[in-house]
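Please open the model in your viewer, with the sequence panel beside it, and follow the stops below in order.

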Amino acid sequence: MLRRRLLDRLDLPTLFAALALASVGLMAIASATAEQPGRSGLWKTQLVWLAIASVSALVVMAIDYHIWAEFAFALHGVGIALLVAVLAFGKTVGGNKSWLDIGHIAFQPSEFVKWTTCLATAAFLAKRVTTRVRFVQAVQLVGIVGLPMMLIAKQPDMGTALTFVPIFVGALLMGGLQWRWVLGAAVVVGLFAPVGWSHLKPYQRERILLVVNPDLDPSGVGYQVRQSKIAVGSGRVTGKGLFKGTQNRLNFLPAQHTDFVLAVIAEELGFIGAAGVLALLYYLLYRGLVAARSSQDRLGTYLSLLVVCWFLGQSAINIGMVVGMMPTIGVPLPFVSYGGTALIAVMCGIALVANVRGHRFVN
C-alpha cells in the first residue's frame, strides 16, 4: 500500500530532471579528475552519494510534508547543534572549519542546514504570519535564518553563509514585507558597508575588486576566474569533446570538479552542453513554481518557493563565479558539483517540492 501511494505521488518529470543533472555532473567529475593523482575514482564516490541521495529523497517524499513541518524546528535545532559542533570539533579543509568526521565519514552540516532552514521558515510563515509579517516576526525570521548564517560565517565559510540570503529575502517577500522596511534595510546596509569592508580579509577584498577589474592580479587572485573564462570561451558552440578539454585535463583550471565544474562542461560540451545544464536547472525552478501554485495550503506554497529561492540563489552565485560576474566564494552548482552532503541536501530539497506537488489533490 505504501509503495502504491508513493508511486501515485511521484513527480516523475521533476525527479528525472534532477537525476539528469546529477548524471551530467558525474560525467563532468569523471573528466575533471581523470588526470588528477588519487582523484580519478571520485566519480565512483559521487555515484555512491547519488544512490544515498536518491534513497533519502524517496524517504522525504514518502512522508507527508505536513509531518515534516511538525518536526521542522526540532530538525533545525539538530542542524544548528551540528554547526556548533563543527566550530568545536570540526575538521579544517581549504581554510574553512566546515566538516565533521563521524567514523570514516566526513560531512558538511551547513548543506543539511539549508534544507532545515527552508523547512523551519515555511512552517513559521504558515503558522505565525496571517497577513503581513510584523516587526517581531521579522526578528524571529532573522533568528531562524540568521543564526545558522552567523555560525557558518564563523567557520569562516562566507560563500555558504551568503546562500542563506535568498532564503531570507524570499521569506520576507512572501510574508508581505512593507517596502519602507526594505528601504530602511538598504539604508542600514549602506551605512554599515564601510565597516563590513574593513572586516574582510585582504584576499576577500581582492576577489570583490576582481569583479569590477578583471585584469587585477591575473597570475594570483585573478588566476582562477581567468582560467575559467578561457575554458568557457574555448568550448565554443559544440565543445572540444568529453574528456578532451585542455584547460581541464592539463589542470589549468582549479577546483574543476567542485565549484568550477560548469566551466568543464562548457569547455568539453560547448555552449550547447552548458545551455542544457542551465535549461535543466531552469526546469527544476519552474517545477517548484508549479508546485507552489498547485499547493493546497500556504505551507506547501512557502515550502516550494523557499526551495526555489535556495536553488536560484546558489545557482546564480555559482554561474556568476564561473563567468567572472561574482566573487569566487566557493559555492557548488546544485546537483552537478562534486560533494556528497551537498548532493543529498539538494535531492532532499527537490523531494520536498515533489512532495507538495504529489499532495495537490489531497484534501
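Predicted model: local features only at pLDDT ≥ 70, side-chain atom pairs only at ≥ 80, totals over all residues.

Residues are numbered from 1 along each chain as its sequence is written, and side-chain values use heavy atoms, with hydrogens and water left out.

Select helix H6 (residues 109-128) together with helix H7 (residues 135-153), whose axes are 11 Å apart and pack at an angle of about 175°. Helices here are DSSP runs (H or I, at least four residues) and strands are runs of E (at least two), numbered from the N terminus; axes are lines fitted to C-alpha atoms, for helices over the stretch in contact, and angles run from 0 to 180 degrees between N-to-C directions. That angle makes H6 roughly antiparallel to H7, a term for angles over 145 degrees. Now show side chains: in H6, Ser110, Val113, Thr117, Ala120, Thr121, Phe124, Leu125 and Arg128 meet Gln137, Gln140, Leu141, Ile144, Val145, Pro148 and Ile152 of H7, where contact means heavy atoms within 4.5 Å. The residues of this contact divide into nine nonpolar, five polar and one charged, with Ala, Val, Leu, Ile, Met, Phe, Trp, Tyr, Cys and Pro counted as nonpolar, Asp, Glu, Lys and Arg as charged, and the others, Gly among them, as polar.

Next, go to the second largest pocket, which holds about 330 Å³ of space. A pocket is an open set of points on a 1 Å grid over the protein atoms alone, where a 1.4 Å probe fits, with protein on both sides within 12 Å along at least five of seven lines; lining residues have an atom within 4 Å of a point. Of its 13 lining residues, Ser56, Phe107, Phe112, Thr341 and Ile344 are the closest to the centre. Helix H3 (42-62), strand E3 (105-107), H6 and helix H16 (340-358) each supply at least two residues of the lining, which has eleven nonpolar, two polar and no charged residues.

Then select Asp11 and Arg287, which form a salt bridge (a side-chain nitrogen of Lys or Arg within 4 Å of a carboxyl oxygen of Asp or Glu), with the closest N and O atoms 2.8 Å apart. Asp11 lies in the loop between helix H1 (2-9) and helix H2 (12-33) and Arg287 in helix H14 (residues 261-294), so the pair ties together parts that are 276 residues apart in sequence.

Finally, inspect the backbone at Pro156, in the loop between H7 and helix H8 (158-162), where a cis peptide bond joins Gln155 and Pro156 with omega about 0°.

Methods: Parallel < 35°, antiparallel > 145°, perpendicular 65-115°, else oblique. Points joined across faces, edges and corners; volume = space filled by probe spheres on them.
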